[in-house]
Amino acid sequence: MRNTISVHNASVYSLMIIAPLVTFKFLGVSTTVSPLTLTYISVLISCCAIVVSRSPLLNTRDRNLPPYAPVTLFEALTKGKEFPFFISRLVQSVGPIFRLRKTLFMDITIVNDALVVKEILNDPSSLKPRKMYQRLDKTVEGKYIPYLTTKEGDMWKKTKQSISHAFAHKHITRMKEVCYEKLEEWIRNTIDSKPGKSFDVFQEMQQLSLRIICKAAFEYDMSDEEAAAYVIENDTYLYEVACKQRMHVWRKWCKSILPSVRRAYQASENTASFARRVLASYREKVKSGVESSEDTLIKLLENSGAFETEAEKIAEITGLISGGFHTTGNSIGFTLLELAKNPKIIEDYRDNIKGTSNVYDWAKSDCIQRIVREGLRMHPVTSHIWRVLDKDIHTKSTGMSTKKASSHIVIPKGSIIVVCFPSVHRSSEHYNHPDTFDPSRWINPSKEAMDAFMPFALGRRTCIGQRLAYAELHTVIAKLAAEYNWEVEAEGSVCVGLAISRKGTRLIARKSCGQLD
C-alpha cells in the first residue's frame, strides 16, 4: 500500500511540474520569457502545489474533521490574558474538539475532551512542535540554546536520561527537609516579623519556590535579593518571547531598533549569569569536599556527558529553574487565595490533623492531599501545551456540547494540537460545580474526574520535577494552613503567559490561637 501511494505521489508531482510548462507553451509565454525562467516559475508553482497537497486539511476525503470555531487563531490570541477562558467559552458553544484557522492552508486543533487528550499525550509518537517552542530557547552569550522543555527527539532523550535520577523517589525526604527549612526562613522574615501586614502572595510564593529549587536541586543558597532579581528578569524575557513574539514574530529580529526587545534578551543573559554563579559555587564545593553525597541535579548536570559545552549547561540550569519556580509558586499562591476565601475548609483541615504536631505528618494527611489536588484542578500549573500528531486520531465525543459535536471525529496526522488545561479541568462533564473550590470532591472521586485531572501533563513529556513540586505544595500549604488564619486584602488581576498567575493579590496572615495537640 505504501509503495502504491509513493508511485501515485511521484506521478502527481511529475504532472505538477509538466503542467505549468505545457500551459506556458500553449499561451505563448515562451516567446517572451526564457526557458530557464519558465523552468524556475514552474518549479515554484509545483513546490507550492506539493506543500498544499500535503496539508492535512486537504486530506478530507471520507473524514469527519473537527468543526471550525467562528474565530481565527489570531483573533483568539488577541484576547491576551482572557485566552484560556475564551477557549473555555468556545468549548461550550462549539464542542470539545474544534479548529482555529491559522492561515489559508493551516489551522490548529483545540482538544478539550479528556479522553482524547490522554490518548494524545500518552502516545509516544506525539511530539512537541519545535517551531512553537523554539522561541523559548535560552540566550547564552548571544546564542539561542534549547533546554529540556524546548528539546525534542534524541536530544531530549539524552538530556532527560542524564538528569532524571535527581528526581527519583528516594530523594523526596531530602526535598521535603529543604522545603521546610526555606519555609521557616520565609515565615520568620515575612509573616512573624511583620504581623498583620499584607504581602503579594504570588510574588512571595514564587520567590520561596525559587529558593527551595536552588537549594534542593542545585545546592545553592539564594539570597532574597537574587530571588527578587531573578523573578523580574525571567518574567521580562518570557513576556517578550511567549506573549509579544507570539503575536508579532518579527520582533525577534528587531533587537537593534526596539529597546524593549533588547532589554528582554539582556534579561535572559542576566539569568544565565546567575546560572554561572550556581555552577561556580558547586565547583567550589567539590574542591572543598562539601558537596552533597546524593545525586542532586547540579551534580548530574556537571558530570553528565550529555552537555558538550558550558553554554548548554548554563541554558539547562536557567531553563529548569525558570520552569519550576514560576509554576509551583503560582500553584501555592492560588491555593492560599482559595483557602483565604474559604475559612471553613481550613477549620475542617485543622480538625483532621488534631493530635499531630509534625508538619511532615500534616503534609501526608488525606485532607491536605485533597486541598492541593483541588488547587491544581482549578488552577493548573500551565495554561496550555502544543503537540503535533504522527498518526490519525479517531475518537468519539465524551458528550460535551452534544448538539454541536460530531459523534465521531477524526483528527488527521500532522495536525497541530493545543490542550488548554483550565478548560479540561473545569469541564462540567467531569466535575459538579467546576468553578467552586471544593476539596471534598476528591473523596472517592469518579473515574471521569480522575481521567480529566492532569496538572503536570501525561506521557513521555510529563513534568520531570513534579515530585519536588508536590513536596513544596504539600509542605508549604500544610504548615501555613495549620498555623495561620488568612484574609484577602486585594484579589488583584489575572496574568496569563505560559502559566496563569495574578498580579497585586495581597493576603494577610495572622497566627492562629487554636491548639492542634
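In an unreviewed entry, UniProt lists Cys463 under "binding site"; UniProt positions follow the numbering used here, feature names are shortened, and annotations may be inferred rather than shown by experiment. The model is a predicted one, in which local features need pLDDT of at least 70 and side-chain atom pairs count only at pLDDT 80 or more, while totals for chains, interfaces and linings use all residues. Residues are numbered from 1 along each chain as its sequence is written, and side-chain values use heavy atoms, with hydrogens and water left out.

Cys463 sits in the loop between helix H18 (447-452) and helix H19 (466-483). Helices (H or I, at least four residues) and strands (E, at least two) are DSSP runs, numbered from the N terminus. Cys463 has a relative accessibility of 32%, so it counts as partly exposed; buried means under 20% relative accessible area, exposed over 50%, and partly exposed in between (1.4 Å probe, protein chains only). Cys495 is also partly exposed, at 29% relative accessibility.

The structure holds 0 disulfides, a disulfide being a pair of cysteine sulfur atoms within 2.5 Å. In general, such a bond is a covalent one between the sulfur atoms of two cysteines.

The next element is a sheet. It is open, has 5 strands in the order S1-S2-S3-S10-S7, and its pairing is mixed. Its edge strands, each pairing on one side only, are strand S1 (68-72) and strand S7 (384-388). From one strand to the next, the twist averages 30°. Two strands are taken to pair if DSSP finds at least two bridges between them. Strands of a sheet pair through backbone hydrogen bonds, either parallel or antiparallel.

Within this sheet, strand S2 (residues 97-103) and strand S3 (residues 106-111) are antiparallel and share 6 bridges. Phe98 has Ile110 of S3 as its bridge partner. On to S10, the pairing of S3 with S10 is parallel, over 3 bridges, and Thr109 has Ile417 of S10 as its bridge partner. S7 and S10 run antiparallel and are joined by 5 bridges; here Arg387 stands opposite Ile417 in S10.

S10 is largely enclosed by the rest of the structure, because 5 of its 5 residues are buried. In a regular strand the side chains alternate between the two faces of the sheet. In S10 both faces are covered, with Ile416, Val418 and Cys420 buried on one side and Ile417 and Val419 buried on the other. Helix H4 (residues 83-94) lies across S1, S2, S3, S7 and strand S10 (416-420), and runs at about 145° to S1. Axes are lines fitted to C-alpha atoms, for helices over the stretch in contact, and angles run from 0 to 180 degrees between N-to-C directions; contact means heavy atoms within 4.5 Å.

Side chains of opposite charge can pair when their charged atoms come close. The structure holds 33 salt bridges, each a side-chain nitrogen of Lys or Arg within 4 Å of a carboxyl oxygen of Asp or Glu. One of them joins Arg263 to Glu233, with the closest N and O atoms 2.6 Å apart. Arg263 is in helix H11 (residues 259-288) and Glu233 in helix H10 (residues 224-247), so this pair ties together parts that are 30 residues apart in sequence. Arg263 is partly exposed, with a relative accessible area of 35%, whereas Glu233 is buried at 11% relative accessibility.

Another salt bridge links Lys341 and Glu491 (3.7 Å, N to O). Lys341 belongs to helix H13 (residues 310-341) and Glu491 to the loop between strand S11 (484-490) and strand S12 (493-496), so the parts tied together are 150 residues apart in sequence. Lys341 is partly exposed at 38% relative accessible area, and Glu491 is partly exposed at 37% relative accessibility.

Lys479 and Glu483 also form a salt bridge (2.9 Å, N to O). About one helical turn separates these two residues, because they are 4 residues apart in helix H19, and both Lys479 and Glu483 are buried. Elsewhere, a network of salt bridges links Glu181, Lys182, Glu185, Lys215 and Asp221.

Lys151 is buried, with a relative accessible area of 5%. Not counting residues up to four places away in sequence, Lys151 touches Pro146, Trp156, Thr159, Phe307, Glu316 and Arg461.
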